[in-house]
Amino acid sequence: MMTPTYHIVPLADQGVLIDCGETIDIEVNRWIEAAALAVRAAGIAGVIGIVPTYRSLAIEYDSATITQRELTARLDALLAALSVGQRRSRRWRIPVVYGGEFGIDFDDFRRRHELSRDELIARHTAPDYRVFMIGFMPGFAYLGGLDPRLHTPRRDSPRTRTPAGSISVGGQQTAFASVEAPSGWHLLGRTPVRNFAVGRTPPILIEAGDCVRFDAIDGARFETLQQDRDWLPDWEWIESGEANP
Amino acid sequence: MSTAMGVPEPGAGVAFVVEAPGMMTTLQDAGRLGQGHLGLPPSGALDGMSLGQANALVGNAPKPDCQTGQPQEFGALEITLLGPRLRLSGGRCVVAVTGDAEVLVNGRRVETFRALALEAGDELHVRRVLSGARAYLAVGGGFASTPFLGSVSTLVRAGVGGFDGRALEAGDRLPLSDPAAGIDHAGRVGERHLPQREKRPVRVVLGPQSGAFSHAGITRFLTAEWTISTLADRMGYRLHGPELKSAAGHNIVSDALLTGSVQIPGDGRPIIAMHDRGTTGGYPKIATVIRADLARLGQMKPGDRLRFEAIEPAHAETLWRGRQRAFRRYLAGLAT
């Protein structure tokens, strides 16, 4: 694939940002994912953390071990040699109860788009969504590939609390939340899946680059799954090119 | 608690009982670093210098974490403005409080920056923080708390770390790991180093989205006097001052945040991201605070005023290395 245009800019003396600019693009996001894997694999001494996002990769470092000048030179060399190949990733099946008390904005949302209940569910469950990034809150997954018919500006006033497991839509994106959080997105439903759990190893299941498919379930099934402490969602390996958001 | 041999462990049963929790008291170490890709912020002490001093006074030298291999500070109680009243139960220990605080043992005023021996039944009361926003209470051998991803730091929002993943509440029992380890350090005294005494501007490096602002906007950011608003907590500080308008709009495609990232949301009032921040954010970031000035930022509270000064990254790195040398001198200078 083509290497996107990127700039390496300082985050004070705390980090550098490999920035591809204002874009939500699957090819750019795949390049970011490949860059994150390459930087991690390089094991550069002094690198503390690597945070991939839609369009950038933040690399935190400790200047007691490596200077920003040295780090930037290492990254330039690494990125020049980067190739984005096919990569195996996981496709998760995430059960969701839509509407009612589980998705308090569902009815307003479907009326706004002039869709029946079944049509909205069909459109939201159809795509294989790509996890563009994990961010904001522990385990919060930003998903790309939302049906353009469902693109919806964020709410005028954000809610200060939304439940853990919320499935929501904001702008061109849909997302699923793992912990209770403030949100200005439209709440369509809820999943019993907790993408972040303190007692679990690893603590998150679904990572950036993975694929997510939603399955509609009813409230009774939700309660059953929610109470089963050992239950985890199904997943399967796919080639990264297969997901088609 | 006892070992397989049936011999009680040295620290078995020694604990602080929380009689009053204070305003916002949490266990914090140097933070859960490098987990941003999971959506987890670092958490950790807002004033890392004072945390390190408190630990040094009671003999808690940083040790490599068993999961990450990185050196980690012992967890200490981070006290915000009004502190807790604690009673020691089950044995002896040594404590030290750093920061500028009014501290009482059994009702009598004691010094901060000094390792104090406590006996079972003693009451330790950090009544209030006098200047700055925070004080740190370390205990020899540390508090018993299970690390999560290499850190005991509390992140209340996710219910992680510390004691049940939350701030202290009345009636809590805070078990100690190894109180015998600190006993020899009783009486140790350190210089009173307070980051809040520094009055120069808070230093930043411009970017990563300073290009979204006009030249006049950046000049205003760097020349204005800003006031920390009442919306100031471990997640971030909102500032009052002139409004800063972004020429390129107030939403960007979400991008990583660091502690010290200065975001400008739609209302034009800057938000400085602090240790419990989100890991990503969708507002343009005009600047990032340098590492050496984070501890001082951590001591700020609503009503405090500050200015910003832009410097180059290489200069910031030099300042950080100088800070670390000064801290090593501090450790070498501890007197018993």
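This report describes the interface between chain A and chain B in a predicted model.

Local features require pLDDT of at least 70 and side-chain atom pairs count only at pLDDT 80 or more, whereas totals for chains, interfaces and linings use all residues. Residues are numbered from 1 along each chain as its sequence is written, chains are lettered from A in the order in which they are written, and side-chain values use heavy atoms, without hydrogens and water.

The model scores ipTM 0.91 and pTM 0.92. For chain B the mean pLDDT (the predictor's confidence in each residue, from 0 to 100) is 93, and 96% of its residues reach 70 or more. Over residues 1-8 of chain B, however, the pLDDT is below 50.

Contact (heavy atoms within 4.5 Å) joins 43 residues of chain A to 40 residues of chain B. The two chains bury about 3400 Å² between them, 61% of it on carbon and sulfur atoms; buried area is the accessible area (1.4 Å probe) that two parts lose on being put together, summed over both. Asp13(A), Gln14(A) and Phe136(A) supply 18% of the area that chain A buries against chain B, more than any other three residues.

The side of chain A that touches chain B divides by class as follows.

| Class | Residues in chain A |
|---|---|
| Nonpolar (Ala, Val, Leu, Ile, Met, Phe, Trp, Tyr, Cys, Pro) | 26 residues |
| Polar (the others, Gly among them) | 11 residues |
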